[in-house]
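Please find below a colleague's note on the structure shown here.

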Amino acid sequence: MNILHYTIGLPPYRHGGSIQYANDLIQEQSKNNNVFALTCGDTLFKPSKVIIKFKYQKDNIKVYSLENPITPTLIYGTSNPKSQHKSLKIDYNNIKRFIEDNNIEVLHMHTLMGMHQDIIKYIKHLGVKIFYTTHDFHGICPHYNLLDYEGNLCHSVSSIRCAICNLQEPSEIFLKLVNSSLFQKLKSRGILNTFIKSKPHFIHQKEICLSSKDYEKAQKKSEEYDDLIEYYKEYLSLFDKIHFNSQQTKDIITSFIPSAKGEVVNVITSGIKDKRRLVSPSQTIALGFIGSLNDYKGFPILKRAIVELKNENINNLFIKVYGNDKVGIDEECNNIEYYPSYKYDELSDILYNLDGVIVPSKWYETFSLVTLESLAHGRPVFVSDHVGAKDIVAQYYPKGIFSTPEQLKTLLRQISSDTSILTEYSHLILENPWPFSIKNHVSDMLKFYKIDNHE
């Protein structure tokens, strides 16, 4: 099969769970298929027309660039919704040559960012089957995480809420800069560490103090967000099938767009393998939090629970925090310690030194590779019911899922007084064969690509 994957970028210049997933799927599929990678091109130095251009070859995979893309919004949202669906000069002859010369049968999209829907319509017209993996909620939320300006979950489409949420988002010039190849190269070499550590306030400040002037400004912009919402609804209808990475993601997207059709196939990366070991906790319990400290990842919920338990004289729970620039003991609670950034090949050692992992996400996390990675090491994982991978947790330990901060606190209180909970959970993880692998996932995805034309 001749498969083209579109992703915003590839390592080492881009990183994150969706990037790693796309990269690993490309590598594994290429062992028995003709696989091509298409990445989002430069946003500063670009031609006048949208074209597909060869970049380089890695092993047997040819990597191409979509030149003159729509500027990706990444994690920032957009204060200029028109920029996300503006008309572009597209060299359709160039795209046709690329598709036909490489006999592309399948286009697998890992993001909507950068790719105008007119290109998708044309590629579909050429007879290519097109699929989309839901790594986030970008197609129904300009902010990608379905949290509104008050930090609450969105349960319906609202252009005025979108307009308010995006009031403080960066300019088009800023987005073009951070998406440029120059920025990515400097970042990968550590030259921009100071800039990254002092990200603009809109990265950290999700909640907005709304004045009447702000509300007026948002009202004027709301029509533009209406247009953007309709654009994405049409975009999502173009796919032959949507690859939902969890049942939760499918439920949420189809609640916004009932016509969205697809199947649930949980994701995995090649590094997640069966490395299960039994947990043997002592009376001093080490629990891990791996990820961003931002509100939507739920760290403030976990921290508050530990502080409150400490006030109850429960002192045997210690939280080790990984994946951030912060290092040292927490200023407010000495039971929380921040560790330096780690490399992936160090993750096994980190997990083996933990008695369990907490994933307290506030947003609807579409999956959570951290959850699967922890289970692959035999570590008990306790997740909020907003985590897509909760269905996998439920297979091992249904009581490992909590719905409220109070339930998390109760769970932590029980663990602190009875460490056999962790041992029992770990035993349950080790009892049965480990069913997850990138090889099995590739087989599932190849089946997923096959469409019954009589449906």
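Predicted model: local features only at pLDDT ≥ 70, side-chain atom pairs only at ≥ 80, totals over all residues.

How many nonpolar, polar and charged residues does the lining of the second largest pocket have, by class?

1. Lining by class. The second largest pocket is lined by seven nonpolar, eight polar and five charged residues. Its volume is about 410 Å³.

2. Residues at the centre. The lining of the second largest pocket comprises 20 residues, of which Tyr13, Thr39, Cys40, Lys55 and Ser181 are the closest to the pocket's centre.

3. Elements of the lining. Two or more lining residues of this pocket come from each of β2 (34–40), β3 (51–58), β4 (61–67) and α6 (181–188). Helix α6 gives the largest share, three residues.

4. Burial of β6. Strand β6 spans residues 129–133, and four of its five residues are buried, so the strand is largely enclosed by the rest of the structure. Buried here denotes a relative accessible area under 20%.

5. Pairing with β5. Strand β5 (residues 106–109) runs parallel to β6 and is joined to it by four bridges. Within this pair, Leu107 is placed opposite Ile130 of β6.

6. Pairing with β7. Strand β6 is also joined by three bridges to strand β7 (residues 241–244), and these two strands run parallel. Here Phe131 stands opposite Lys241 of β7.

Notes:
Residues numbered from 1 in each chain as written. Heavy atoms only, no water. Buried < 20%, exposed > 50% of the residue type's maximum accessible area, 1.4 Å probe, protein only. Pairing = 2+ DSSP bridges. 1 Å grid on protein atoms, 1.4 Å probe; cavity = no way out; pocket = protein on both sides within 12 Å on 5 of 7 lines; lining within 4 Å. Points joined across faces, edges and corners; volume = space filled by probe spheres on them. Nonpolar A, V, L, I, M, F, W, Y, C, P; charged D, E, K, R; others polar.
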